[in-house]
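Here is a short note to read beside the model. Take the points in order.

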Amino acid sequence: MRPQPPPKRPLNMQTIDLTEVGLRETNKTLHAQSADTNQTAWEIVNPRGSHAIACGLDAPIEVTVKGSTGYYCGGMNQQATVNIHGSAGPGTGENIMSGKIVIEGDASQYLGATGHGGLIVVKGNASSRCGISMKGVNIVVQGNIGHMSAFMGQSGNLVVCGDAGDALGDSCYEARFFVRGTVKSLGADCEKKEMRPEHLEILKGLLDEAGFDADPSEFTRYGSARNLYNFDVDNAAAY
Amino acid sequence: MNKHDEKGIPHTTPRQSATFTQDVNSDIRRAAATGIYDIRGGGAKRKVPSFDDLLFMGASISRYPLEGYREKCETSVTIGGLHAENPIELDIPITIAGMSFGALSGPAKEALGRGASAAGTSTTTGDGGMTPEERGHSNKLVYQYLPSRYGMNPDDLRKADAIEIVVGQGAKPGGGGMLLGQKISDRVAHMRNLPKGIDQRSACRHPDWTGPDDLEIKILELREITGWKVPIYVKVAGARPYYDTTLAIKAGADAVVLDGMQGGTAATQDVFIEHVGQPTLAIIRPAVQALQDLGMHRKVQLILSGGIRTGADVAKAMALGADAVAIGTAALIALGDNDPKWEAEYNALGTTAGAYDDWHEGKDPAGITTQDPELMKRFDPIEGGRRLRNYLKVMTLEAQTIARACGKNHLHNLEPEDLVALTMEAAAMAKVPLAGTDWYPGKPGTGF
């Protein structure tokens with residue numbers, strides 16, 4: 001028997017050329033993977049900023065997109081891990097339920113909007129409205145985040161190793177925000193909070209999960225002052 | 001009351017102001033006492049030009065009618081065949097509009113499902129997600145995709161027979177909702193991922209898209225997640241119907257749901273309900289014009305809502321170009337909302353049967369717009385479903401009666417030519433002649 005050439009990548013890695021295969025067939029193939037699939041490693045090449053790549057996944061698979069993506073990559077993700085080896089367009093990981101999205105580059109606006117669970121990791125910066133209306137997702141950003149982030153955030157944790165822009169946590173509910181750097185301004189009803197041991201533990205866990213080497217004690221916690229939870233005319237000026 | 005003063009000079013008749021009416025004055029007193037604007041449910045209560053201002057002409061020597069109960073008049077409608085693999089097939093063109101679990105009780109949602117399914121039509125979820133009661137009892141269920149995304153999850157999305165992206169609703173174009181703390185029960189709080197008992201605001205814009213170009217991408221994402229199987233509707237308020245319809249079609253919608261200002265809401269500011277938006281009669285022709293200009297009339301379906309009450313309203317909407325209608329408030333009344341049998345309790349709440357609109361307070365005597373377990377017990381979902389089915393059947397029979405009288409063997413064959421208007425306003429809005437004339441304001445070539 002002649003010797004076989006060594007594999008260039010893991011034996012079970014499936015590669016899809018998005019430009020050749022097209023979006024519909026690509027997503028259809030990924031959606032067809034069941035909970036017990038042994039084809040767990042997928043690579044998408046030539047994404048060329050396409051929208052809705054690997055959205056609606058619901059299986060324990062790992063998809064690596066080799067390049068930058070357009071809107072809604074990994075949207076409504078369940079169970080899967082989506083790695084973006086580039087920058088990510090608006091609404092990446094919107095309404096994520098579980099699983100993980102890791103962005104090697106920067107993320108555009110509305111990152112993880114309305115996410116209910118799972119983890120989103122950004123190794124670069126995230127733009128405005130990061131974590132808008134978050135409902136349980138955890139988002140960890142190594143760089144900075146833009147203005148109006150976590151607007152109306154309901155639950156989950158937003159960790160920022162750099163700085164936060166204007167109006168952080170405006171009108172938030174029970175979401176927690178941990179910022180290591182500066183916060184340009186806090187939004188309505190968002191305030192600085194005491195960092196208690198349980199928060200340090202949550203923060204440490206998230207930093208570890210994201211693979212970021214940062215000291216939790218350097219962060220400040222922010223959250224809802226809960227003054228706007230029930231309408232009071234004396235608070236109308238807050239808007 | 002003395003008719004003369006102490007010197008014998010007659011008093012003038014006490015005269016109420018047409019500007020400062022008793023209604024207005026009570027609003028001022030309420031505002032002065034509370035410091036909060038009035039929040040209520042329902043749609044516009046003011047009188048606006050409506051389908052009541054239109055009449056069908058019926059058959060004559062130049063048109064011959066169809067025999068009632070003998071010659072067939074079809075009522076079916078297919079929605080969403082343009083892009084979806086599985087369009088929605090309905091027996092009747094009257095659907096149930098989106099109403100949330102939270103605003104309505106679980107049993108009320110169940111009754112809507114039972115009644116609609118028995119009548120061969122669809123129901124729609126609302127701002128609170130999909131409940132098992134509703135999915136279990138609705139043969140065809142439209143899943144609303146709302147700005148708040150409360151309860152939004154992909155598992156429910158995939159269970160839906162159609163998806164309705166809500167951009168606006170007729171009661172409050174450009175506005176979000178408010179569910180006051182007393183209706184945020186444990187179950188509602190859990191579904192919406194909020195603390196119990198707080199005032200819950202529903203966002204007025206989608207968090208992850210703005211404008212028609214983004215909408216096109218959002219529709220692509222929803223289609224990809226659901227495998228291009230189910231139709232995607234776009235619901236807009238009656239704000240700028242020509243442009244909104246055009247942009248929804250351009251973005252790839254399978255159907256456009258257009259909601260006039262008489263369309264109800266669970267709760268928003270009274271000033272919003274009464275002063276923002278356009279009457280249902282005014283919005284249909286521009287929307288149909290947009291569909292026709294794009295060659296999409298009858299390909300992209302138009303579902304009209306906002307104050308539809310009778311088979312006559314259904315027939316008029318369809319004659320003006322709608323493919324179907326949706327009812328919300330009327331369905332609640334069919335279930336038993338605002339029924340005079342609860343008059344004593346309505347009185348205790350400072351109102352009267354027919355006028356009760358504080359649905360957000362959760363004290364509905366009829367047990368429909370409430371999360372109070374004791375009040376909910378008053379409402380029987382099986383009986384409610386039966387009543388709704390009856391009502392939908394009656395509306396359909398009424399519409400068929402009119403269509404046959406106009407010589408039409410399908411409700412879709414009704415046309416503007418079958419109509420006249422009773423008022424100048426209605427003639428201008430519906431673009432049908434003022435009764436007794438061959439003219440309407442704005443008719444091309446007439447110099448107005």
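1. Start with a term: two residues are in contact if their C-beta atoms, placed from the backbone, lie within 7 Å. By that rule, Asp166(A) touches His147(A), Lys184(A) and Ser185(A), leaving out residues up to four places away in sequence.

2. This is a predicted model; local features need pLDDT of at least 70, side-chain atom pairs count only at pLDDT 80 or more, and totals for chains, interfaces and linings use all residues. Residues are numbered from 1 along each chain as its sequence is written, while chains are lettered from A and ligands numbered from 1 in the order in which they are written.

3. Where does Asp166(A) lie? Look in the loop between β8 (155-160) and β9 (176-179) of chain A. (Strands are DSSP runs of E, at least two residues; helices are runs of H or I, at least four; both are numbered from the N terminus.) Asp166(A) counts as partly exposed because it has 15 C-beta neighbours inside 10 Å. (Buried needs 20 or more other C-beta atoms within 10 Å, exposed 12 or fewer, and partly exposed is in between; C-beta atoms are placed from the backbone.)

4. Now the contact between chains. Chain A gives 35 residues and chain B gives 22. On the side of chain A that touches chain B, α2(A) gives the most, with 4 residues. That side divides into 16 nonpolar, 15 polar and 4 charged residues. (Ala, Val, Leu, Ile, Met, Phe, Trp, Tyr, Cys and Pro count as nonpolar; Asp, Glu, Lys and Arg as charged; the others, Gly among them, as polar.)

5. One last distance. Asp166(A) and Ile120(A) are 46 residues apart in sequence and 21 Å apart in space, C-alpha to C-alpha.
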